[in-house]
Amino acid sequence: MKKTLLTTLLVQCAFVAFAQQEPVDLDMVHRIKQEGLKNSKVMETAFYLTDVSGSRLSGSTGLQRANEWSKSKLTEWGLKNATLEEWGTFGRGWEFQKSYVAMTAPYYQHLIATPKAWMPGTNGELKGEAILLKVEKEEDLAQYKGKLKGKIILTPPTREAITSFEPDAKRHTEEDLKKLAANPDAENSQRNNRNMTDWRAMMQLRTKVNEFVMAEGAAAILSTRGGTHGTHFTTNGAPYAADAKPVLPEMEMGLEDYGRLVRLLEAGKKVELEMETKTKFLTDDLKGYNVIAEIPGTDKKLKDEVVMLGGHIDSWHASTGATDNAAGVAVMMEAVRILKALNIQPKRTIRIALWGGEEQGLHGSRGYAKQHFGDPATMALKKEHEKLSAYYNLDNGTGKIRGIYLQGNDMVRPIFEEWFKPFHDLDANTITIRNTGGTDHLAFDALGLPGFQFIQDEIEYDTRTHHTNQDNYERLQAEDLKQASVIVASIVYHTAMRDKKMPRKPLPKPRPTT
């Protein structure tokens, strides 16, 4: 017992000593705060990414506008080697140029809806009777044989527009952060496997339904993925591959508009609709691109090593992608602007990357990682793999930074604990061993590279903005973005100035693609 206690005390003492050895340049932190909080350009950057560029669906002209503007702005701020770097083949670009739908019987009512991405247009105004398909298994389709020609198809919604008595916007409470800092519970793999099985079965049935209604001569489809109070979620309704099969025009809407149509049809009322969508496929360039720029390193021994920061610049198309993810891009751009304004001379090169194709599967960051660092399928590594110190990502909305996910790397805990101390007064002090999924840091972690996502306040991300028609400039929180910018600038600066690269976890095993 005494030996165990002694060992524990020695480990704790060593841990504390290591933490105390991690230097923090408080003078630089002060200068970063002054520049980032008093002279911020983060909202100006966000304006150009959203209102000026428009929606930034992968392959669209809106994304091209944002890419070109970001490259130009980074160059204007003094960064070097700014370029649009090809990450690989994406597929067809797409955008919609007109969108309208209304119920005309039993009375007139304009409806709020958005075409699904990569869907064809209606080829002019379309008028038709709505029909409700109730299909729980493929065999249920037989009853609709010969009844769908010229019809506009709906299916029963899978959720209800239930009134919530919780606020749409929320911040992490101290209790939330304490739970987040604790070790995660063991995953329920059986439950996860069951959920994935159910999802795959649902998608297979949906594909069968879509193929059936198209073969039967239906005119269009209306659907919902949820959303209330004028908000609706959107996604793609067809593949973006150049050789994708043709599909019917489809529009998504919120639960209230959709629910009214379904209730009328279930009551046996005749529902007539008119709609018109005009869409365009962009096929001149099927490649995808990332925006890359650098602050070159100055140390003779360390300038070839790299510290990266980034976020994805693409968005969905129903709005201007403000919180997902113009917010993250604006913060990362502001972080490097701050560092350039302070004329820092980093030991290592600082490289910003604004990723394309994230919404379709982290394509931009994965393509970049494969080209520069190695292939996670084989773990065949490139020379640049050894040169990367760390990658920092921001992609969880407009909320302020509250800490950082360690991605299972406990060796970096004492480093971040010291680096976050000057920001405790800005509510950023949570360090958790946990990982958060679904962001571009995963492309780095898959190769055993230190890749980190910051903890952020959720605000309205899940309730009102994430992938919705309300993800616009008005949903951005200016003071939160300023706070995030100075924290990122400081973390990146200290990583670039550190004597050693950030500690790494053991290399993962190869992950062959199936």
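**Entry 1: a β-α-β unit.** I started with β11, α8 and β12, which make a right-handed β-α-β unit. Right-handed here means that, with the strands pointing away from me, the path from the first strand over the helix to the second runs clockwise. Helices (H or I, at least four residues) and strands (E, at least two) are DSSP runs, numbered from the N terminus.

Before going on, I noted what I am looking at: this is a predicted model, where local features need pLDDT of at least 70, side-chain atom pairs count only at pLDDT 80 or more, and totals for chains, interfaces and linings use all residues. Residues are numbered from 1 along each chain as its sequence is written, and side-chain values use heavy atoms, with hydrogens and water left out.

**Entry 2: the neighbours of β11.** I looked up the pairing next; two strands pair if DSSP finds at least two bridges between them. β11 pairs with β12 in the parallel sense over seven bridges, and G310 stands opposite A353 in β12. With β15, β11 also pairs in the parallel sense, over five bridges; there L309 stands opposite Y392.

Is β11 buried or exposed? Seven of its seven residues are buried, so β11 is largely enclosed by the rest of the structure. (Buried is under 20% relative accessible area, exposed is over 50%, and partly exposed lies in between, with a 1.4 Å probe and protein chains only.) I remembered that in a regular strand the side chains alternate between the two faces of the sheet. In β11, V306, M308, G310 and H312 point one way, while V307, L309 and G311 point the other way.

**Entry 3: the whole sheet.** I zoomed out and found eight strands in an open sheet with mixed pairing, in the order β1-β10-β12-β11-β15-β18-β16-β17. The edge strands, β1 (80–89) and β17 (430–432), each pair on one side only. From one strand to the next, the twist averages 25 degrees. (Axes are lines fitted to C-alpha atoms, for helices over the stretch in contact, and angles run from 0 to 180 degrees between N-to-C directions.)

Helix α8 packs on this sheet, touching β10, β11, β12, β15 and β18, and its direction makes about 150 degrees with that of β11. Contact means heavy atoms within 4.5 Å. I also checked β16 and β18: they run antiparallel and are joined by three bridges, with I401 opposite Q456 in β18.

**Entry 4: helix α3.** Which residues of α3 (42–52) are buried? They are V42, M43, T45, A46, L49 and T50. They cover an arc of only 155 degrees around the axis, which puts them on the same side of α3; the arc is that of the directions from the helix axis to the C-beta atoms. That reminded me that an α-helix has 3.6 residues a turn, so residues three or four places apart point the same way. The buried residues of α3 pack against α4 (61–76), α8 (322–341) and α13 (478–497). Just after α3, G54 takes a positive phi of about 85 degrees.

**Entry 5: rings.** I found 19 aromatic pairs in the structure. Rings of Phe, Tyr and Trp (its six-membered ring) pair if their centres lie within 6.5 Å; planes under 30 degrees apart are stacked, over 60 edge-to-face, and the rest tilted. W87 and F90 are edge-to-face, 6.4 Å centre to centre with 75 degrees between the planes. W87 is buried at 10% relative accessible area, and F90 is buried at 8%. Last, I noted one aromatic cluster, formed by Y392, F416, W419, F420, F452 and F454.
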